[in-house]
There are 2 protein chains.
Amino acid sequence: MENKAEIEALVNEIIGRVADKWTMVVLEALEARGTMRFTELSQEIPEISQKMLTKTVRQMERDGLVSRKVYAVIPPKVEYTLTALGHGLSEAFCGVWIWAEKNHAKIHEARRKFDVKAAR
Amino acid sequence: MENKAEIEALVNEIIGRVADKWTMVVLEALEARGTMRFTELSQEIPEISQKMLTKTVRQMERDGLVSRKVYAVIPPKVEYTLTALGHGLSEAFCGVWIWAEKNHAKIHEARRKFDVKAAR
């Protein structure tokens, strides 16, 4: 049996893993587009390096957020799809996207003020 | 006037900033405890280095998520409090904590299976 402190540590560790820029961006792309090949993900998110994308989808697969299907063809074809768990996280994170959409002007105004103050 | 692509880029950039483990952990601590001194934050989150905590609260201040109050006493006293914007993000992110609490067993089971398969 897990006690409260153990569960809290587990939850903190999971938040640490999923509160990650690239995980969120890949989650969003798969939520919007459905199943995608590695190369499609790479084209959809040009800012991410191949190495970082490989690492991100592998971690997401390990956490059960995406499923990976390999086709035995030449050249090899690999497809990624969100699992039910991945859809759930995407839904939960949706509130943060809405918050960012609603508040981006306020954040930019705060940054402008901070930078003016810091430059004095 | 900003067009749709510009707003999308802004929102993506903001998600990239706030989808960050330490930002989330500091947000959670301030939400639970209210105003906190730097040393209190540091004690509450022993896993974070002083350097990373300094960087995190500075970025959060710049983004308008926390306000910082410096008291002219010796030794100097610095207090951090969530702003309305910070409370809003904390609320939006709440869904992700609930998701993690609900699903930690599934995630650990997925990891166990993945590791068994990878070890073959």
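**Interface.** I started with which surface each copy uses. 100% of the interface residues of chain A are also interface residues in chain B, so the copies meet through the same surface. I take two residues as in contact if their C-beta atoms, placed from the backbone, lie within 7 Å. On that basis 34 residues of chain A contact 34 residues of chain B. On the chain A side, the elements giving two or more residues are α1 (4-18), α2 (21-33), α4 (50-62) and α5 (84-119). The most comes from α5(A), with 19 residues. By class, I get 20 nonpolar, six polar and eight charged residues on that side of chain A. Nonpolar here is Ala, Val, Leu, Ile, Met, Phe, Trp, Tyr, Cys and Pro; charged is Asp, Glu, Lys and Arg; the others, Gly among them, are polar. Helices (H or I, at least four residues) and strands (E, at least two) are DSSP runs, numbered from the N terminus.

**Ground rules.** This is a predicted model, and I keep local features only at pLDDT of at least 70 and side-chain atom pairs only at pLDDT 80 or more, while totals for chains, interfaces and linings use all residues. Residues are numbered from 1 along each chain as its sequence is written, and chains are lettered from A and ligands numbered from 1 in the order in which they are written.

**Symmetry.** A rotation of 180 degrees with 0.0 Å of shift along its axis superposes chain A on chain B, at RMSD 0.0 Å. The two copies are thus related as by a two-fold rotation axis. In chain A, the C-alpha nearest that axis belongs to A:A19, at 2.3 Å.

**Core.** Which residues touch the most other members of the largest nonpolar core? Of its 50 residues, they are A:V26, A:V96, B:V26 and B:V96. A nonpolar core is a set of buried Ala, Val, Leu, Ile, Met, Phe, Trp, Tyr and Cys residues joined through C-beta atoms within 7 Å. Buried means 20 or more other C-beta atoms within 10 Å of the residue's own, exposed means 12 or fewer, and partly exposed is in between, with C-beta atoms placed from the backbone. I then listed the contacts of A:V96, leaving aside neighbours within four places in sequence: B:I15, B:V18, B:A92 and B:F93.

The expected span is 1.5 Å times one less than the number of residues. Buried in α2(A) are A:W22, A:T23, A:M24, A:V25, A:V26, A:L27 and A:L30. After α2(A) comes A:G34, with a positive phi near 75 degrees.

α4(A) has 13 residues and spans 18 Å, close to the 18 Å expected. Its buried residues are A:T56, A:V57 and A:M60. They cover an arc of only 90 degrees around the axis, which puts them on the same side of α4(A). I took that arc from the directions from the helix axis to the C-beta atoms. An α-helix has 3.6 residues a turn, so residues three or four places apart point the same way. The cover over the buried residues of α4(A) includes α2, β2 (66-71) and β3 (77-82) of chain A. A:G64 follows α4(A), with a positive phi near 80 degrees.

**Cis prolines.** I found a cis peptide bond between A:I74 and A:P75, omega about -5 degrees. A:P75 sits in the loop between β2 and β3 of chain A. In chain B, a cis bond joins B:I74 and B:P75, with omega about -5 degrees.

**Two single residues.** B:L85 lies in α5 (84-119) of chain B. With 19 C-beta neighbours inside 10 Å, B:L85 counts as partly exposed. Leaving aside neighbours within four places in sequence, B:L85 contacts A:N103, A:K106, B:G64 and B:L65. A:E47 is in the loop between α3 (38-44) and α4 of chain A. A:E47 is exposed, with 10 other C-beta atoms within 10 Å.

Note on methods. Copies are superposed by least squares on the C-alpha atoms of residues with pLDDT of at least 70 in both.
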